[in-house]
Amino acid sequence: MKILVTCKRVPDTDQKIHVKEDGGGIDDSNLAYVLNPFDAIAVEEALRIREEYQTNDEIQIVAVGVGVADYESELRTALAMGADRAILVESTAIMDPWTVANTIAAVVARESPDLVLMGKQAVDDDANQTGQFLAALLQWPQATFASNIRFGGLGLQVARETDQGIEEIEVPLPAVVTADLRLNEPRYASLPSILKARKKEIEIIAHADLQVDADPKLEVLSMKSEISQRSCVMLDNVNSLIEIIRP
Amino acid sequence: MVKLLSQIAGIDKTVTREILGNVDPISRTVFYVLTVFALCSFVHGLWSRWVLWKQGRRSDASPCSLPLGVIVSRVVGRILLQRRVRRQRKAAGRAHVLLFAGFGILFIGTILIAIEHYSAAAIGRSPLDPIFHKGLYFVIYEFVLDTAGLALLAGCLWFFNRRFKSDSSMAHVRSDYVVLGLLVSLVITGYVAEGLRITLEDTPLPGFSYVGLLFAWPLQWWGVTSENAAPIHLTLWWLHVVLALGLIALFPHTRLLHSLAGAINLACSEQTLGVMQPISIEQVEETGLVGAEKFTDFTRWQLLSLDACVSCGRCEELCPADQAGKVLSPRDVVQGLRCVMELGNVPLNNGISNDAAWACTTCHACVETCPLGVDPLEFITDVRRNLVAEGKLKGPPGQALQKMQRSGNPWGLPADERLTWSEGLDVPLVNDVEDFEIVYWVGCAAAYDRRIQKVARAVVQLLQAAKVKFVVLGPEERCTGESARRMGDEFLFQELAANNISTFSKYPIKKIVTHCPHCLNSFKHDYPQFYEEFGGGDDFHFEAVHHTQFLSELLAAGRLAIPENAQGGNAVAALLTYHDPCYLARVNGITESPRELIQLTLPEESVVELSRCGENTACCGAGGGRMWFDDEAVERTGSGRVDEVIESAAKTLAVACPFCLTMMNDGLAAREAAVEVRDVAELLLEALGTAS
């Protein structure tokens, strides 16, 4: 069995993000990057599945990134967590969810995995589209916002977190499943595991070689910082609070 | 007394008794053969333990390199005077001293008899003409050994009684009864045989063998005389010999093994509270191993110490995690690992579960109390190191480590916000001042946590009031890495330490005042291990003190003065109590400085001590990285400590550690207790009356 997990590189969630003065994107100088936290959950889930279900039939976990050469460090994180190998589709082009989904579909065609695990969204643009696009392109069933995954029934039994509550569904394999926050707690990749992962292979494919025929359907016109209207005041006692909230 | 001494002075120089008298040549031969068998069993038993220990890793720091003086003082204090045994559980401690002394003296006595007997035989002296076993020596020998027997008997009976009465917490096994039974019957048969021998041989001066004489009288009353005593004496002698040889043969297979393994461990083990053994990345690349995955990854000394454990459970009694109902008991860790060592081929988590390893707050209570010098904590941190390296750490604590690595603090906040706490206080940065007395090491908690920030502000105002030329490192300060190291992430710690040491070496730093006891311990015990490696230079050295220590230094030097009326400020001052932080009190022995400061702020009668105080303090639950595990406040390891504070009826809880402040605050709030938690520095500033 083979599980393909997507890994996106996003700005460190602990950092303060500043929009460039000209509105043409975010200021990425001195910006630290991390593996998208939802993708880390997807990697962790693949590892959990391997730990729980691996019998004689080996479960192989392949991490996939699409983007610039620097993506390697986030793929290394996935390898340090325990993925077996990684593929980087290298491209300097600005991509939208549609082009990324098409690119991953091309990787899926090469790798023919039984399951694609993805974060439900990336915390940089919060688009929440790539998984759905990918399922449509592959004509595979999809289970988005998963908070629990088990093998059984038609193939996979997935609990989905919806606004109405937890929805239990079954999907046959192969399928695309996207991870929600409560699916698991990703493991911490420490320095020794990163060192060990140095021996693992990262295959680099030029984006052009995949011959993906898809143009972005989305264009970012401008960006601006939201100016917070709230202010914070430390009060000494309850009386001064009453003074403020009294109409 | 005078009479006794004159009697001793007048003792006939040839007075003695025949060794192995009334024992026929065949019996003697059988006895010698049996002795050889018993000794073989003894040696074989020890050898098989040695084979187990030998499977361990060779340690880098050989305990054999300890100076002879240290070893001698340990042998005297820890072993002969039984200091560690007597500290906790006074009654059991005394019983052990009796047993130990009795056993030890009888053992030495038996060796002396053997030396006498064999050397006399070797040079062909008659049985009634011994080399030294005669005269005054003989008399003292008889008296001392008879008394030693009584001590051994008393100790054994006390332990028997304790085992019959006690609950399951004693964790005794059947062989314990065998050992105690053997010892008791050995002493009794010894006395009876002595009584019979006195009757049989009419031994001179029998009053010195007073217990034997006590046994002789009823025997004589029953009709035993010197004419008919011989066969009975021989029977009793045989019984005594079989029991003694049985004890020797069983020795390494019972808990008695602790007396050897424990003695070696107490005399030689490297044990300074708060110190951890470093590992290098070269080592890891060479062996592919971090921490302990199998029992053979522990050092030989650690494996030996497993055999020192008698499962007395003193560690468990003090363990805050065990008290809070967590899955951890240091005794179970050590005994569990001992089972793993004996079974050989089983995974380590059969002895210590992952949850148990993570439950430890590294408070050092178990390490400090163990009468045999076993260090359960080192096993735990070795296991943690492996769990971290193997990616078995998940959730909030893993995230805290990630944030320490990325942002240099466990909250992941930007370094350029490290000074926001000091707004409006005119706190000088290190690169703005040429000449300074101390560096105030703020630490992450005081830099970023809103409540702890107030404590840092109090400290700074006190420093300013005392006109201390201090600086802070501001954005150059990084997490010390203390909790990362104790969580088992050795290499993250080393990364942070390297960064801080290179920062220190840029400035002429003589003294660092740390805000947090954990940073203090790290500077005292962790950092010096890496000065050389991380480029601190040859003469790189700085003194690290805690803020309560430095404040009390300032008061002693008269640089800071508390107004006379400070104590009377509150006419009826509400009760205050002080919670000692583990890493300040137990690990680094600093208990007086904070108390001195508190006494300046309050009348004496307003201060109550908690039942566990000073070096015997109980953990708040945040050490060893537990701060970053998101337990519910009531489930935290320190919940018992919170109860203790509530029971003390104190209205103010003074603390000296940011972790303790947070934990106690949360715990008290969860119980809706109206107790205010304040740092000692805040109390002092208030007494100074210049709070702003």
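Q: Before we start, which angles count as oblique here?
A: Angles under 35 degrees count as roughly parallel, over 145 as roughly antiparallel, and 65 to 115 as roughly perpendicular. The rest are oblique. Keep in mind that this is a predicted model.

Q: OK. How do H3 and H10 of chain B cross?
A: Helix H3(B) spans residues 68–80 and helix H10(B) spans residues 257–268. Their axes come within 8 Å and cross at roughly 130°. H3(B) and H10(B) are therefore oblique to each other.

Q: Left-handed or right-handed?
A: The crossing of H3(B) and H10(B) is right-handed.

Q: Which residues make that contact?
A: From H3(B), they are B:Ile71, B:Arg74, B:Val75, B:Arg78 and B:Ile79. H10(B) brings B:Ala263, B:Leu266, B:Ala267 and B:Cys268. Seven of the contact residues are nonpolar, two are charged and none is polar.

Q: Switching topic. How is chain B divided into domains?
A: Domain 1 covers 173–255 and domain 2 covers 271–389. Domain 3 runs over 403–554, and domain 4 over 563–688.

Q: How far apart are the centres of domains 2 and 3 of chain B?
A: Their C-alpha centres lie 30 Å apart.

Q: And how many residues are in contact there?
A: Domain 2 of chain B puts in 13 residues, and domain 3 of chain B puts in 11. On the domain 2 side, H18(B) gives the most, with five residues. That side divides into seven nonpolar, four polar and two charged residues.

Q: Now the sheets. What is the strand order in the one with E1 of chain B?
A: The order is E2-E1-E3-E4 in chain B. It is an open sheet of four strands, and the pairing is parallel.

Q: Which strands are at the edges?
A: Strand E2 (470–471) and E4 of chain B. Each pairs on one side only.

Q: How many bridges does E3(B) have with E1(B)?
A: Three bridges. E1(B) is residues 438–441 and E3(B) is residues 511–514. B:Val439 stands opposite B:Ile512, and B:Trp441 has B:Thr514 as its bridge partner.

Q: What about E3(B) with E4(B)?
A: Those two pair over four bridges, in the parallel sense. E4(B) is residues 543–546. In this pairing, B:Val513 is bridged to B:Val545.

Q: Which way does H25 of chain B run relative to E4(B)?
A: Helix H25(B), residues 547–556, runs at about 90° to E4(B). It lies across E3 and E4 of chain B.

Q: What's the order in the sheet with E5 of chain B?
A: This open sheet of four strands goes E6-E5-E7-E8 in chain B, with parallel pairing. Strand E6 (607–608) and strand E8 (676–679) of chain B each have a single partner strand, so one side of each has no neighbour in the sheet.

Q: How many bridges join E5(B) to E6(B)?
A: Two bridges. E5(B) is residues 576–578. B:Thr577 has B:Val608 as its bridge partner in E6(B).

Q: Which strands does H29 of chain B touch?
A: Helix H29(B), residues 658–670, packs on the sheet and touches strand E7 (652–655) and E8 of chain B. The direction of H29(B) makes about 175° with that of E8(B).

Q: Last topic. How many residues go into the contact of chains A and B?
A: Chain B gives 21 residues and chain A gives 15. In chain B, helices H18 (376–389), H19 (396–407) and H23 (490–504) each supply at least two.

Q: Where does the largest share of the chain B side come from?
A: From H19(B), with six residues. The chain B side divides into 10 nonpolar, six polar and five charged residues.

Terms used. Residues are numbered from 1 along each chain as its sequence is written. Chains are lettered from A and ligands numbered from 1 in the order in which they are written. This is a predicted model: local features need pLDDT of at least 70, side-chain atom pairs count only at pLDDT 80 or more; totals for chains, interfaces and linings use all residues. Two strands pair if DSSP finds at least two bridges between them. Two residues are in contact if their C-beta atoms, placed from the backbone, lie within 7 Å. Ala, Val, Leu, Ile, Met, Phe, Trp, Tyr, Cys and Pro count as nonpolar, Asp, Glu, Lys and Arg as charged, and the others, Gly among them, as polar. Axes are lines fitted to C-alpha atoms, for helices over the stretch in contact, and angles run from 0 to 180 degrees between N-to-C directions. A crossing is left-handed if the near helix is turned anticlockwise from the far one by less than a right angle, and right-handed if clockwise. Domain bounds come from an automatic or database domain assignment.
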